Amino acid sequence: MYNIYMIRYGEIGLKGKNRPAFERRLMDNIYRALKKLRSPSRVLRVYGRILVESEAEPSRVLEILSKVFGIVGVSPALRLPLEEEAICAGALATMKDAAARMLLPAGVALTFKVESRRSNKQFPRTSPELNGLIGGYLLEHFPGLQVDVHSPKIKVQVEIREKNAFVYADDIPGVGGLPVGASGKALLLLSGGIDSPVAGWMAMKRGIEIEAVHFYSFPFTGEKSLEKVRDLCRILTNYTARIKIHIVHFTDIQKEIQKNCPEELRVTLMRRMMFRLAARIADEQGALALVTGESVGQVASQTLESMRVINQVVDIPVLRPVVGMDKLEIVSRAQVIGTYETSILPYEDCCTLFLPKHPATRPRLEQALEAEQALDIVSLLAGALERTVVEEVQQPLL
Ligand code: ATP
Ligand code: MG
């Protein structure tokens, strides 16, 4: 019955002069996300609000809007002519719909309140007059209703604008954050594990567009582990239209490290190579930061000492959005995002295969620098970059 969706986007409102750019970005992102429904939709900005029209099934539209970063809330609404009768009838229909979805125990009164706003001062009734008029109409036509202006179970909202009136009662929470792309681009180091997809999602939530890089040890890790990474990206495209993946052939580097360097430093040295390669790709792609799924204290390579030694090879900022989360928190976030089930599939990651029995938990920079003397870093990097393959994962159509 609703014919429009009203979008609220709180945080953007705080951005002062940047506001129009943010709004445009959000509208683009909404439009692109709705494209997967394969039915016509329009995204409009009127009266300082974003409105969405779509012919698709409302539950599907809401499902999509619930994953667009930047949206704080969505209200399915009736857009009506500026006529009292139509507004009263619309308020009644909205009330009936909201009440039908509210399961009240017997004996509990259904309380409500009408809240009107009038930006169109030509309209002959003031907001308090409208509240009284519509409230009276509802009481008359909907048996059992009671007014409660302090904590009503249903709040019928009425907005009187230039050309139309809008009536709605629901406020469905969105994911919040900032529209993807509004904060520039970063390169996500995406393994097949649980943490890095969550890290990518959290970066996107802050408006960062993501490209992914995956280090791949063919033939030690096979097509299935690659397919897993593609699947993870596909799940992340629920939140952004597309993700580019750089697949880096990492085997030669790992073999060289295995052959020439102390076993306990392998993880540190592999990570240093990953960071060097990622920083190069980021520069080429105009990405301004790296994003990893590192958390503090989880494994040997995630002590602060290790991070210090690994980070030393790059000067690009490295964002670690899950740094303060416990494993359980990361897991539950992964479940909400939808990446968890894919992340726990048992295909080997490139690093597990070359993992030493006793990795150094407190590597020192001098040790790493000395061990790297045995490597021809320049040509190893060049070789890996040359064999890098780029793919793009698009949001699937529904
Ligand atoms: P994850 O759950 O993301 O795999 P993890 O807890 O297994 O993380 P590590 O294996 O130490 O931790 O990896 C730390 C981070 O390094 C990962 O979160 C990811 O950002 C990056 N990383 C590790 N392996 C790869 C890989 N093969 N390709 C791309 N990035 C990787
Ligand atoms: Mg891992």
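Predicted model: local features only at pLDDT ≥ 70, side-chain atom pairs only at ≥ 80, totals over all residues.
**Aromatic pairs and overall shape**

User: How many aromatic pairs does the count come to?

Analyst: The count comes to five aromatic pairs, taking Phe, Tyr and Trp rings (six-membered ring for Trp) with centres within 6.5 Å.

User: What's the geometry of Phe69 and Trp201?

Analyst: Their ring centres sit 5.4 Å apart with the planes at 65°, so this pair is edge-to-face (planes over 60 degrees apart; under 30 is stacked, the rest tilted).

User: Where do Phe69 and Trp201 lie?

Analyst: Phe69 is in the loop between helix H2 (58-65) and strand E4 (73-80), while Trp201 is in helix H5 (residues 195-205), so the pair ties together parts 132 residues apart in sequence. Helices and strands here are DSSP runs, numbered from the N terminus (H or I, at least four residues; E, at least two).

User: Are those two buried or exposed?

Analyst: Phe69 and Trp201 are both buried (under 20% relative accessible area with a 1.4 Å probe, protein chains only; exposed is over 50%, partly exposed in between).

User: And what about Tyr216 and Phe218, how are their rings set?

Analyst: That pair is tilted, because the planes make 35°, with the ring centres 6.0 Å apart.

User: How do Tyr216 and Phe218 come out on accessible area?

Analyst: Tyr216 is buried, at 9% relative accessible area. Phe218 is partly exposed, at 43%.

User: OK, switching to the whole chain. How many helices and strands?

Analyst: The protein chain has 14 helices and 15 strands.

User: Spread out or compact?

Analyst: The chain is more spread out than a compact globule, because its radius of gyration is 27 Å, well over the 21 Å the globule rule gives for 398 residues. That radius is taken over C-alpha atoms, and the rule is 2.2 Å times the number of residues to the power 0.38.

User: What does the C-alpha trace span?

Analyst: About 85 × 45 × 35 Å along the principal axes.

User: And what share of the residues is buried?

Analyst: Of the 398 residues in the protein chain, 51% are buried.

Technical notes
Residues numbered from 1 in each chain as written. Chains lettered and ligands numbered in written order. Heavy atoms only, no water.
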